[in-house]
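Q: I have a model of a protein chain open in a viewer and would like to learn how to read it. Where do I begin?

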Amino acid sequence: MPKGSSESETNGGKDPASLRDGYRTTFEQNLTYSVPDDEKKDFVPVTLEVASTEYKSYMHAVHGMIYCFGECILWDRYKQSGQILMQMRCDGMVGFPGGLMDQDYDEPIVDCLNREMAEEINLDLEKYKFLQSDYLLSHVNHRKKLVTHFYIHQVTEVEIREIEFSTLKAKDWGHETFGTIRVPLFAMDDGFRGFPVFLANRFAGNARDQLLQGIVKCGLLSQKECDVYVKSFEEYIKRPHT
Ligand SMILES: O=c1[nH]cnc2c1ncn2[C@H]1C[C@H](O)[C@@H](COP(=O)(O)OP(=O)(O)O)O1
C-alpha cells in the first residue's frame with residue numbers, strides 16, 4: 001500500500017467516529033442521529049393547481065429527469081433501450097438534480113428547476129432548457145410540509161453524453177452533488193443485479209417513485225416490466241447482507 005494511504009496513517013490512528021466528531025461543529029455534535037429517509041406512504045399525489053394554492057405555504061422542491069432513447073447492449077447480453085440521469089448527492093443518497101424553491105420569490109417552478117439544473121449539473125440552458133410541457137407530477141408530504149414537483153426532459157443519445165461530460169464543470173460539483181449516474185434498466189441473470197439492486201439505494205424524498213413513474217411515462221419500460229423489477233427489488237432487500 002503506498003505511503004500515507006493506510007487507514008491508520010491517513011486518520012492518524014484515530015477511529016473514524018472520533019475523527020468525524022473532530023470535523024463537526026459543537027452544534028452538530030449535540031444533534032442526535034435519526035433515520036434520514038422519507039417514506040413512500042408520506043408522499044401523496046396532488047395536482048399542480050392544488051399544490052400551488054392550498055399548499056402554497058409549504059416548502060416546494062422541484063427536480064428533473066433527463067433521458068434519451070437509444071439501444072445499448074452490455075456485454076452482448078443485457079439490453080437497455082435508453083438512458084436516464086440521476087445523481088449521487090453529497091449526503092450519500094441518490095436523487096435527481098433540482099432543489100428547494102425560494103419562498104420569498106414568486107418564481108415559476110420551471111424557472112427554478114432550470115436555475116438548479118445549471119448550478120448542479122451545468123446544464124446548457126440555451127440547448128436543454130426544461131419546459132412547462134415537461135411537467136409530470138407533484139406530491140405533498142404533510143409531515144414535512146413539503147411539496148415535490150417533477151419534470152422529465154428528452155434529449156438525444158449524443159446530447160446526453162454532452163450533458164454528462166459538462167457536469168464536471170458545474171458550480172455544485174464536488175459539494176452538493178458528487179456527479180451524475182446512469183440508471184441500469186435491465187436485470188442480470190440472477191434477477192437482482194441491475195435495476196433491482198439500483199432501486200435498493202437510499203433515495204432522497206420520493207425520488208424512487210418519481211423514477212418509476214418517469215420511466216413508464218416516457219416509455220423506457222412498460223408498467224408491467226417495472227412491476228417485475230420492483231418485485232425483485234423487494235425480494236432483494238429482504239435477503240441477508242454480507
Ligand atoms: O430527486 C428528488 N426527488 C424528490 N424529492 C427530493 C429529491 N431530492 C431531494 N428531495 C427532497 C428532499 C428534501 O426534503 C427536499 C429538498 O432537497 P434538496 O434537493 O437537497 O434541496 P436543496 O439542494 O437543499 O435546495 O426535496
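Predicted model: local features only at pLDDT ≥ 70, side-chain atom pairs only at ≥ 80, totals over all residues.

Q: Which feature does UniProt place at residues 57–196?
A: The unreviewed UniProt entry gives "domain: Nudix hydrolase" for that span. In the model, residues 57–196 are 21% helix and 39% strand, and the end C-alpha atoms of the span lie 37 Å apart.

Q: How should I read a strand such as S7, and is it enclosed or open?
A: In a regular strand the side chains alternate between the two faces of the sheet. For S7 (146–154), burial can be counted: 8 of its 9 residues are buried, so the strand is largely enclosed by the rest of the structure.

Q: Which strands pair with S7, and are they parallel or antiparallel?
A: S2 (59–74) runs parallel to S7, and 9 bridges join them. Strand S6 (residues 135–141) pairs with S7 in the antiparallel sense, over 6 bridges. Leu 146 of S7 takes part in both pairings: it is the bridge partner of Met 59 and also of Asn 141.

Q: What lies between S6 and S7?
A: The two strands form a hairpin with 4 residues between them. Lys 145 in this hairpin has a positive phi, near 50°.

Q: How do I read a helix, taking H5 as the case?
A: An α-helix has 3.6 residues a turn, so residues three or four places apart point the same way. H5 covers residues 109–121, which is 13 residues. From its first C-alpha to its last it reaches 18 Å, close to the 18 Å expected at 1.5 Å a residue.

Q: Which residues of H5 are buried, and what do they pack against?
A: The buried residues are Ile 109, Cys 112, Leu 113, Asn 114, Glu 116, Met 117, Glu 120 and Ile 121. They pack against the strands S2, S5, S7 and S8 (177–182), and against the helices H6 (125–128) and H7 (157–166).

Q: What follows H5?
A: Asn 122 follows H5, in the loop between H5 and H6. Its phi is positive, about 60°, although Asn 122 is not a glycine.

Q: How does Trp 75 read, buried or exposed?
A: Trp 75 is exposed, with 6 other C-beta atoms within 10 Å. It is found in the loop between S2 and strand S3 (78–89). Trp 75 also has a positive phi, near 45°, in a residue other than glycine.

Q: Which residues come nearest to the ligand?
A: There are 15 residues around the ligand, and Gly 95, Gly 99, Leu 100, Ala 204 and Gly 205 come nearest. By class, the shell has 6 nonpolar, 8 polar and 1 charged residues.

Q: Which elements supply the shell around the ligand?
A: S2, S5 (98–100), S7 and helix H9 (207–218) each supply at least two residues. The largest share, 3 residues, comes from S5. Of these elements, S2, S5 and S7 are also among those that the buried residues of H5 pack against.

Note on methods. Residues numbered from 1 in each chain as written. Near = placed C-beta within 6 Å. Nonpolar A, V, L, I, M, F, W, Y, C, P; charged D, E, K, R; others polar. Expected span 1.5 Å × (residues − 1). Buried ≥ 20, exposed ≤ 12 C-beta atoms within 10 Å, placed from the backbone. Contact = placed C-beta atoms within 7 Å. Pairing = 2+ DSSP bridges. UniProt positions renumbered as here; feature names shortened; annotations may be inferred.
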